[in-house]
Amino acid sequence: MCGFFFSRNDMKIDLDDLLKKMIHRGPDSTKKIKLKNVLCGFNRLSIINQSSDSDQPMCDSSGRYVILFNGEIYNHSDLKKKLLKKHKINFRTNSDTEVILNLLIYEGLDYVKNLDGIFSIVFYDSKLDSISLIRDFIGVKPIYFYNNDKKIYISS
């Protein structure tokens, strides 16, 4: 199971230390990104696509959208085919993460009801500075958050 941490409006947080403490959740790779007011990092346990191209946090080609995803989407191949047919997206990976990222960008949050799997997701729009938290309907994959004034922390 992977592990991630997301922080908005707290650039002093020691992300390296946090990721080190949860390295057991994803020993295959660690990646961090820093945006204007956001820090996020991910420890990955590679299952579907073991290429580093599938590492997270994952951004779209414009850099506007960021996704952190813990879990597995069983129907990601079918969803990818639908996206390719409708939007002609140039996918860089075979990962379910990239499929979810593009589904949220092109189809919106309501499309989540079509995901078959277990998941916790943070979807961030840097232009709108908006955060969406998404979890599988049964709640198999945990997602934790803390909101204090303008500071927000999210982890899975």
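Tutor: Start with contact, which means heavy atoms within 4.5 Å. Leaving aside neighbours within four places in sequence, Asn102 is in contact with Leu83, Ile89, Phe91 and Glu107. This is a predicted model: local features need pLDDT of at least 70, side-chain atom pairs count only at pLDDT 80 or more, and totals for chains, interfaces and linings use all residues. Residues are numbered from 1 along each chain as its sequence is written, and side-chain values use heavy atoms, with hydrogens and water left out.

Student: Is Asn102 buried or exposed?

Tutor: Buried means under 20% relative accessible area, exposed over 50%, partly exposed in between (1.4 Å probe, protein chains only). Asn102 counts as buried because its relative accessibility is 9%.

Student: What does the side chain of Asn102 reach?

Tutor: The backbone oxygen of Glu98, at 2.9 Å.

Student: How far apart are the C-alpha atoms of Asn102 and Arg44?

Tutor: They are separated by 20 Å, with the two residues 58 apart along the chain.

Student: Which residues line the second largest pocket?

Tutor: Lining residues have an atom within 4 Å of a pocket point; a pocket is an open set of points on a 1 Å grid over the protein atoms alone, where a 1.4 Å probe fits, with protein on both sides within 12 Å along at least five of seven lines. Here the lining includes Cys59, Arg92, Glu98, Asn102 and Tyr106.

How values were computed: A polar contact is a pair of N or O atoms within 3.5 Å; within protein, one must be able to donate a hydrogen and the other to accept it, and residues adjacent in sequence count only if both atoms are side-chain atoms.
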